[in-house]
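User: I have a model open and want to go through how the chain packs. Can you take some questions as I look at it?

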Amino acid sequence: MKDAAAAFARLLDRERARFLRHVRGRLSRISAMDVEDIVSDVVFGLLKRADVVGEVENLMAYAYRSLENRIIDYRRASRDTVPLDEEGGVAPGGPELPRDDETPERSVARLQMRERLLWALGRLSDKERAVWIATEIDGLAFRELAEEWDEPLGTLLSRKSRANARLRELLAEHHD
């Protein structure tokens with residue numbers, strides 16, 4: 001069990017930069033310190049629960065779900081206070097207000113889709129999931145990944161194509 005917890009700690013450490021990019025991408029108008037706090041809180045919480053690592057089927061999906069939960073908590077907390085400018089409007093850097101066309105139904109549908117996508121990502125191979133997250137969520141270019149990961153460009157393109165096909169299949173099968 002100690003080996004599994006140590007391996008999990010190493011995995012979290014390797015993924016830290018990706019976690020930071022993920023949080024930055026999900027929250028606009030957030031300070032670098034708040035991003036670090038969110039990721040640190042999640043990593044600390046996951047390491048505290050390292051005893052359940054052996055029971056988790058997909059550790060990365062579990063970690064990203066934990067990040068998503070913390071992002072939701074951050075958004076809720078930031079809604080409690082809204083900084084106002086001198087004229088009583090929302091000050092720059094304040095929380096994003098809901099879009100005018102955002103209905104409760106659309107909001108729920110968007111959240112459900114995000115849940116299904118996280119579930120489907122958890123069913124991809126580690127390499128397919130990694131290239132999909134790196135390109136779609138982190139916004140990295142294939143050439144950059146090929147150099148960083150020391151992988152042929154064609155291999156990464158092929159993995160991404162397989163990941164997209166598998167995600168389409170999984171999401172179609174589990175559409176509510």
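User: Which residues have the most contacts inside the largest nonpolar core?

Analyst: Phe19, Val23 and Leu67. That core has 30 residues. Keep in mind that this is a predicted model.

User: Which helices supply at least two residues of this core?

Analyst: Helix H1 (2-26), helix H2 (32-48), helix H3 (59-80), helix H4 (104-121), helix H5 (126-137) and helix H7 (153-173) each do.

User: What does Val23 touch, leaving out residues up to four places away in sequence?

Analyst: Val35, Ile38, Val39, Leu67 and Ile71. Leu67 is also among the residues with the most contacts inside the core.

User: Back up a bit. How many helices and strands are in the chain?

Analyst: Seven helices and zero strands. Along the sequence the pattern reads α-α-α-α-α-α-α.

User: And how much of the chain counts as buried?

Analyst: 34% of the 176 residues. The accessible surface comes to about 11200 Å², and 52% of that belongs to carbon and sulfur atoms.

User: Of the contacts between residues at least 6 apart in sequence, what share join residues at least 24 apart?

Analyst: 63%.

User: Switching to rings. How many aromatic pairs does the count come to?

Analyst: One. Phe19 and Tyr64 form it, edge-to-face, at 5.3 Å centre to centre with 80 degrees between the planes.

User: Where do the two partners sit in the chain?

Analyst: Phe19 is in helix H1 and Tyr64 is in helix H3, 45 residues apart, so the pair links distant parts of the chain.

User: Are Phe19 and Tyr64 buried or exposed?

Analyst: Both are buried.

User: What about His22, where is that?

Analyst: In helix H1.

User: Why does His22 count as buried?

Analyst: Because its relative accessibility is 4%, and the cut-off for buried is under 20%.

User: Which side chain does His22 join in a polar contact?

Analyst: That of Glu68, at 2.7 Å.

User: What does His22 touch, again not counting residues up to four places away in sequence?

Analyst: Tyr64, Leu67, Glu68, Ile71, Ile137 and Asp138. Of these, Tyr64 is the ring partner of Phe19, while Leu67 and Ile71 are also touched by Val23.

Technical notes: Residues are numbered from 1 along each chain as its sequence is written. This is a predicted model: local features need pLDDT of at least 70, side-chain atom pairs count only at pLDDT 80 or more; totals for chains, interfaces and linings use all residues. Side-chain values use heavy atoms; hydrogens and water are left out. A nonpolar core is a set of buried Ala, Val, Leu, Ile, Met, Phe, Trp, Tyr and Cys residues joined through side-chain atoms within 4.5 Å. Buried means under 20% relative accessible area, exposed over 50%, partly exposed in between (1.4 Å probe, protein chains only). Helices (H or I, at least four residues) and strands (E, at least two) are DSSP runs, numbered from the N terminus. Contact means heavy atoms within 4.5 Å. Accessible areas come from the Shrake-Rupley method with a 1.4 Å probe; for residues, only the protein chains shown count as cover. Rings of Phe, Tyr and Trp (its six-membered ring) pair if their centres lie within 6.5 Å; planes under 30 degrees apart count as stacked, over 60 as edge-to-face and the rest as tilted. A polar contact is a pair of N or O atoms within 3.5 Å; within protein, one must be able to donate a hydrogen and the other to accept it, and residues adjacent in sequence count only if both atoms are side-chain atoms.
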